[in-house]
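Me: I'd like a close look at one part of this model. Could you walk me through it and then show how it ties in with the rest?

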Amino acid sequence: MTLEEKNDQRGAGPEHGHELDAFLGKAFEEKPLWADLWESVRDVFFPVKLPPLQLTSTPIPVPDRMAVKPNPWAIGISTTVNLTILLIVLFFVGKKVIETVKQQGLNVNIDISDYNAPKSDTKAGGGGGGGDRSPIVANKGKLPEKVPDPITPPTPVTIEHPKLPEPAAINVQKDIQLPDNNMPMIGLHNSPNVTMASAGTGNGAGMGSGSGGGLGSGYGNGYGPGYGGNTGGGLERVGGRVSGPVPIFQPEAEFSDEARRAKYQGICVVQLIVDAQGNPQNVHVIRTLGMGLDEKAMDAVRRYKFKPAMKDGKTPVPVMITVEVDFHLY
């Protein structure tokens, strides 16, 4: 084929000139506007059914790089190391917290056995008290002398030229060490009253809130809580090693004339101390009836006689008890 034939063939027909037309900016095929619109409407309402798609390629198996078989040894070692670190941290942190909030405790052994005073004919374990029924507590001061049978009870006021030239004293063993101070007057060493002289709220001479001519809150001519003189202890409590006192003589209380006329009756509760000899001491009413029945009840209880309370079944001890005195006319 000659060159001219080739050129004629290259330029002949519109189907062979698309490349040149595209290069020159001309459209491949020119269609009217109504034809494009009709094709768009047809594709929407009457789409052309295409033949089913046929896959001609086959999948290639690819190994899963994340599908790794777990190693139990690795899991066990990792878990053990993590738990060990956590326990160590919790141990030291918890120990520090406990040391921070831990209160300072008493690290000495406390002896709760019976108090064993120095040997003497008069066993320690009692006490004493007194007062002049003053509304002011006893004044602060030093303790008086300790003698077996005191004559002059403690007093906060110094009497000039007394009829009995005996110094104030209390019935406490001399070989017992008592707390004391260097105050110039006689009184209670732990009293808050330091402004004025007062014998205290008790009665029966002496100083304190008790009675009996001693010093303190007890009953007797000794010092401190307790009964019967000396010092070192208070009353025993019924129960456990201490058996209760047993009444062996209980005279009936009489009616007062006022209560009999009014036909008044009821129960009066009296509290008392039964000493080691079985005698009632410090008798007083804790639930009153009135109309003179309280006094009649105390008069009757003061005449009671008891078998004393026993400690361990062999040692008589003083205890505090309550007694109900029943007043009924019929």
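Which residues does F327 touch, not counting residues up to four places away in sequence?

Reply: Happy to. Keep in mind that this is a predicted model. Leaving out residues up to four places away in sequence, F327 touches A253, E254, F255, Q265, G266, C268, L289, L293, K296 and A297.

Start with how covered that residue is. F327 has a relative accessibility of 1%, so it counts as buried, the cut-off being under 20%. F327 also belongs to the largest nonpolar core, a set of 24 residues. Within that core, the residues with the most contacts are V270, L272, V301, I321, V325 and F327. Three elements each supply at least two residues to this core: β8 (266-274), α6 (293-302) and β13 (319-327). As background, nonpolar side chains in soluble globular proteins tend to be buried together. There's another core lying apart from the largest one, with 13 residues, including A138, V172, I176 and L188.

The structure holds three aromatic pairs. One of them is F255 with F327: the ring centres are 5.5 Å apart and the planes sit at 85 degrees, so this one is edge-to-face. Another aromatic pair is Y304 with F306, which is tilted, at 6.0 Å centre to centre and 55 degrees between the planes. Both of those residues are buried as well, Y304 at 8% relative accessibility and F306 at 4%.

S256 counts as buried at 8% relative accessibility. Its side chain reaches the backbone oxygen of M291 at 2.5 Å. Setting aside neighbours within four places in sequence, S256 is in contact with M291, G292, L293 and K296. Look back at the list for F327 and you'll find L293 and K296 there too.

Next, the strands around F327. β8 and β13 pair in the antiparallel sense over nine bridges, and Q271 in this pairing stands opposite T322 in β13. β8 is mostly covered, with eight of its nine residues buried. β8 also pairs in the antiparallel sense with β9 (residues 280-287), here over five bridges. In that pairing V270, one of the core residues with the most contacts, stands opposite V285 in β9. The hairpin of β8 and β9 has five residues between the strands, and there G278 takes a positive phi near 85 degrees.

For contrast, here's another part of the chain. An open sheet of three strands runs in the order β1-β5-β4, with mixed pairing. β4 and β5 (residues 215-221) pair in the parallel sense over two bridges, and G208 stands opposite G216 in β5.

I170 sits in strand β3 (residues 169-170) and counts as buried at 0% relative accessibility. I170 and L215 are 45 residues apart in sequence, yet their C-alpha atoms are 7.2 Å apart in space. Beyond neighbours within four places in sequence, I170 is in contact with P144, E145, K146, V147, P150, P154, L215, N221, G222 and Y223.

Finally, zooming out. The protein has six helices and 13 strands. Buried residues make up 28% of its 330 residues.

Methods. Residues are numbered from 1 along each chain as its sequence is written. This is a predicted model: local features need pLDDT of at least 70, side-chain atom pairs count only at pLDDT 80 or more; totals for chains, interfaces and linings use all residues. Side-chain values use heavy atoms; hydrogens and water are left out. Buried means under 20% relative accessible area, exposed over 50%, partly exposed in between (1.4 Å probe, protein chains only). A polar contact is a pair of N or O atoms within 3.5 Å; within protein, one must be able to donate a hydrogen and the other to accept it, and residues adjacent in sequence count only if both atoms are side-chain atoms. Contact means heavy atoms within 4.5 Å. Two strands pair if DSSP finds at least two bridges between them. Helices (H or I, at least four residues) and strands (E, at least two) are DSSP runs, numbered from the N terminus. A nonpolar core is a set of buried Ala, Val, Leu, Ile, Met, Phe, Trp, Tyr and Cys residues joined through side-chain atoms within 4.5 Å. Rings of Phe, Tyr and Trp (its six-membered ring) pair if their centres lie within 6.5 Å; planes under 30 degrees apart count as stacked, over 60 as edge-to-face and the rest as tilted.
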